[in-house]
Amino acid sequence: MTRVLVVDDQDLIRAGLAAILRATPGFTSVWETADGETAVALATEHRPDVILMDIRLPGINGITTTERILAQYTSPTPKIIVLTTFDTDEYVYGALRAGACGFLLKDIPPARLIAAIAAIRSGDMLFAPSVTRRLIEAYAPQPSGTAHRPESLHQLTARETEVLRLVGQGLANDEIAQELYVSEATVKTHINRTMAKLDLRSRAQAVVTAYETGLVVPRGTR
């Protein structure tokens with residue numbers, strides 16, 4: 001059973017998304033708000049499982065709202081899905097960097113919306129690796145020159161670092177398992193340990209980290 005908070009300042013979009021969810025079996029509670037400050041308050045009070053977050057909000061924007069919500073959680077954290085009009089929006093990158101799990105275009109069909117929420121709750125990413133790379137390569141700052149391994153990665157084992165690199169390249173768990181000749185369960189263990197050590201909230205945030213630390217180099221700069 002899933003509890004959802006819908007955050008969007010466009011009344012028709014917010015009401016439409018909420019109506020779809022309320023009419024779908026398995027969604028026990030659906031809350032709505034049009035601004036970030038109220039979203040933080042509602043998340044604190046109700047502890048939703050999933051938050052649909054508009055990126056451009058009055059007052060504090062979706063990035064700051066995402067940061068504030070995730071900062072008040074230890075575990076489990078809500079799965080925050082960004083609502084956007086353009087999938088290469090710099091604000092979307094900022095939200096993923098802040099810990100959002102993925103993003104959806106606002107014109108998504110109802111069936112795909114429900115499937116996306118189910119996918120995100122199970123730990124999957126919502127977008128194709130090609131979309132991830134295009135977005136992150138457009139906005140992720142890159143280490144200059146031949147920088148040393150970032151301090152943040154020193155706490156990872158060699159295998160955890162390799163798994164993070166493959167996650168950053170957009171490989172799914174089964175593909176990483178084949179690449180490293182290990183079981184999928186072992187891959188999941190490495191990913192969970194890596195995310196815990198680096199204080200990452202989502203797989204999407206792990207992809208951002210892989211680019212920003214230079215583990216993955218944008219195409220065309222090799």
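Begin by selecting α8 together with α7 (158-168), α9 (184-197) and α10 (203-212), which are among the elements that cover the buried residues of α8; contact here means heavy atoms within 4.5 Å, and helices are DSSP runs of H or I of at least four residues, numbered from the N terminus. The model is predicted, so local features need pLDDT of at least 70 and side-chain atom pairs count only at pLDDT 80 or more, while totals for chains, interfaces and linings use all residues. Residues are numbered from 1 along each chain as its sequence is written, and side-chain values use heavy atoms, with hydrogens and water left out.

Within α8 (residues 173-180), pick out Asn173, Ile176, Ala177 and Leu180, which are buried, that is, under 20% relative accessible area with a 1.4 Å probe and protein chains only. Looking down the axis of α8, these buried residues fall within an arc of 105°, so they line one face of the helix, the arc being that of the directions from the helix axis to the C-beta atoms. Step on to Tyr181, which follows α8 and has a positive phi, near 60°.

Next, display α7 and α10, whose axes come within 8 Å and cross at roughly 100°; the two helices are therefore roughly perpendicular to each other, a label for angles of 65 to 115 degrees. Axes are lines fitted to C-alpha atoms over the stretch in contact, with angles from 0 to 180 degrees between N-to-C directions. The contact is made by Leu164, Val167 and Gly168 of α7 and by residues of α10 including Arg203, Ala206 and Tyr211.

Finally, select Ser122 in the loop between α5 (110-121) and α6 (129-139).

Terms used: Buried means under 20% relative accessible area, exposed over 50%, partly exposed in between (1.4 Å probe, protein chains only). Angles under 35 degrees count as roughly parallel, over 145 as roughly antiparallel, 65 to 115 as roughly perpendicular and the rest as oblique.
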